[in-house]
Amino acid sequence: MIRHLVLFKLHEGVERDDPRVVKGVEAFRALDGTIPEIRFWELGWNVSDRPIAHDFAINSAFDDADALRRYVEHPDHQAGVALWREFATWVIADYEF
């Protein structure tokens, strides 16, 4: 199995209730059950006030690297990524477990 972690940082001045952010969260929330390669899907807003913390996280799992690649290339995932590019940056970590 491959764990796929994504941590998002909103751009300066962008808030969680910004309509673009709301739409972006909805787009990623809708992926669960839509893309068959997803084996585990969880997402949420950060609750830490530490300055090094990111704002939003997605924790997901896939059977193998090929399944993760198909997810990454899936048009619904790419549509969500396009939305998030407008208001955030992110880092990822993919590892076997």
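The following conversation concerns two helices, H1 and H2, in a predicted model.

Visitor: What should I know before reading the model?
Guide: Residues are numbered from 1 along each chain as its sequence is written, and side-chain values use heavy atoms, with hydrogens and water left out. The model is predicted: local features need pLDDT of at least 70, side-chain atom pairs count only at pLDDT 80 or more, and totals for chains, interfaces and linings use all residues.

Visitor: Which residues of helix H1 are buried?
Guide: In H1, residues 19-29, they are Val21, Gly24, Val25 and Phe28. Buried means under 20% relative accessible area, exposed over 50%, and partly exposed in between (1.4 Å probe, protein chains only). Helices (H or I, at least four residues) and strands (E, at least two) are DSSP runs, numbered from the N terminus.

Visitor: Why do the buried residues of H1 line one face?
Guide: Seen down the axis of H1, they fall within an arc of 95°, so they line one face of the helix. The arc is that of the directions from the helix axis to the C-beta atoms.

Visitor: What do they pack against?
Guide: The buried residues of H1 pack against strands S1 (2-10), S2 (40-45) and S3 (56-62), and against helix H3 (75-85). Contact means heavy atoms within 4.5 Å.

Visitor: And which exposed residues are on the face of H1 turned away from its buried side?
Guide: That face carries Pro19, Lys23 and Glu26.

Visitor: Now H2. Which residues are buried there?
Guide: Ala67, Leu68 and Tyr71 are buried in H2, residues 65-73. Their arc is within 100°, so they line one face of the helix.

Visitor: Which exposed residues does the face turned away carry?
Guide: In H2, they are Ala65 and Glu73.
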